[in-house]
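Subject: Handing over the model, with notes on what was found

Dear colleague,

I am passing the structure on to you with this message.

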Amino acid sequence: MITARSWRVAVAGSHRHVFANPHGHVFEIGCFAAAPGCAVVGSATSDFSWFPGMLWQVAVCVACGLHLGWRYARDDDSAFFGLILDRLLLAPDNLA
């Protein structure tokens, strides 16, 4: 299990967001308080953060290494995962 519907959270007023990275790749992400099926890799950075004031790191599937999204964190230790919705294997209750 990557995450659960019960861990959905609203960030900046919404659970879902659509962003483009500096290379023009568009991602629809959902925000989740927890994602135990993700491993976080790389150093935290604020470069091109989609959420002002937050650092991000890449989040990958612990089982296969597929890029699933990002973990966002503030200096005050608050954090959430922004996961790419079309890369999640959706359960019947639909994580999105």
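The notes below go from confidence to the sheet, then to the aromatic rings, the core, the salt bridge and the backbone.

This is a predicted model, in which local features need pLDDT of at least 70 and side-chain atom pairs count only at pLDDT 80 or more, while totals for chains, interfaces and linings use all residues. Residues are numbered from 1 along each chain as its sequence is written, and side-chain values use heavy atoms, with hydrogens and water left out.

On confidence, pLDDT (the predictor's confidence in each residue, from 0 to 100) has a mean of 92 over the chain, and 92% of the residues reach 70 or more. Strand S3 (residues 38-45) has the lowest confidence, at a mean of 96, and strand S6 (residues 79-84) the highest, at 98. Strands here, like helices, are DSSP runs numbered from the N terminus, with at least two residues (E) for a strand and at least four (H or I) for a helix.

The sheet comes next. Six strands make up an open sheet with antiparallel pairing, in the order S1-S2-S6-S5-S4-S3, where two strands count as paired if DSSP finds at least two bridges between them. S1 and S3 each have a single partner strand and stand at the edges, so one side of each is left without a neighbour in the sheet. On average, and with direction ignored, neighbouring strands of this sheet are turned by 30° against each other, the axes being lines fitted to C-alpha atoms (for helices over the stretch in contact) and angles running from 0 to 180 degrees between N-to-C directions.

Two of the pairings can be followed residue by residue. S3 and S4 are antiparallel and pair over five bridges, with Val41 opposite Val58 in S4. Strand S4 (residues 55-61) is joined in turn to strand S5 (residues 67-73) by six bridges, again in the antiparallel sense; Val60 stands opposite His67 in S5, and Gln57 has Arg71 of S5 as its bridge partner. The hairpin of S4 and S5 has five residues between the strands, and in it Gly65 takes a positive phi near 85°.

The aromatic residues deserve a look of their own. Eight aromatic pairs are found in the whole structure, a pair being rings of Phe, Tyr and Trp (its six-membered ring) with centres within 6.5 Å, called stacked if the planes are under 30 degrees apart, edge-to-face if over 60, and tilted for the rest. Phe19 and Trp50 form a stacked pair, with 4.8 Å from centre to centre and 15° between the planes. This pair links distant parts of the chain, since Phe19 lies in strand S1 and Trp50 in the loop between S3 and S4, 31 residues apart. Phe19 is buried at a relative accessible area of 19%, and Trp50 is buried at 16%, where buried means under 20% relative accessible area, exposed over 50%, and partly exposed in between (1.4 Å probe, protein chains only). The rings of Phe27 and Trp50 have their centres 6.1 Å apart and their planes at 45°, so this pair is tilted. Ring pairs link Phe19, Phe27, Trp50, Phe51, Trp70, Tyr72 and Phe80 into a cluster.

The largest nonpolar core has 12 residues, among them Phe19, Phe27, Trp50 and Trp70; such a core is a set of buried Ala, Val, Leu, Ile, Met, Phe, Trp, Tyr and Cys residues joined through side-chain atoms within 4.5 Å. S2, S5 and S6 are the elements that give two or more residues to this core, and S2 gives the most, with three.

There is one salt bridge in the structure, a term for a side-chain nitrogen of Lys or Arg within 4 Å of a carboxyl oxygen of Asp or Glu. The side chains of Arg16 and Glu28 form this bridge at 2.7 Å, N to O. Arg16 is in strand S1 (residues 16-20) and Glu28 in strand S2 (residues 26-32), 12 residues apart. Arg16 is partly exposed at 38% relative accessible area, and so is Glu28, at 33%.

Finally, two backbone angles are worth checking. Most residues other than glycine have a negative phi. Ala12, in the segment before S1, has a positive phi of about 55° although it is not a glycine, and Ala12 is exposed, at 71%. Phe48, in the loop between S3 and S4, also has a positive phi, near 55°, and Phe48 is exposed, at 65%.

With best regards
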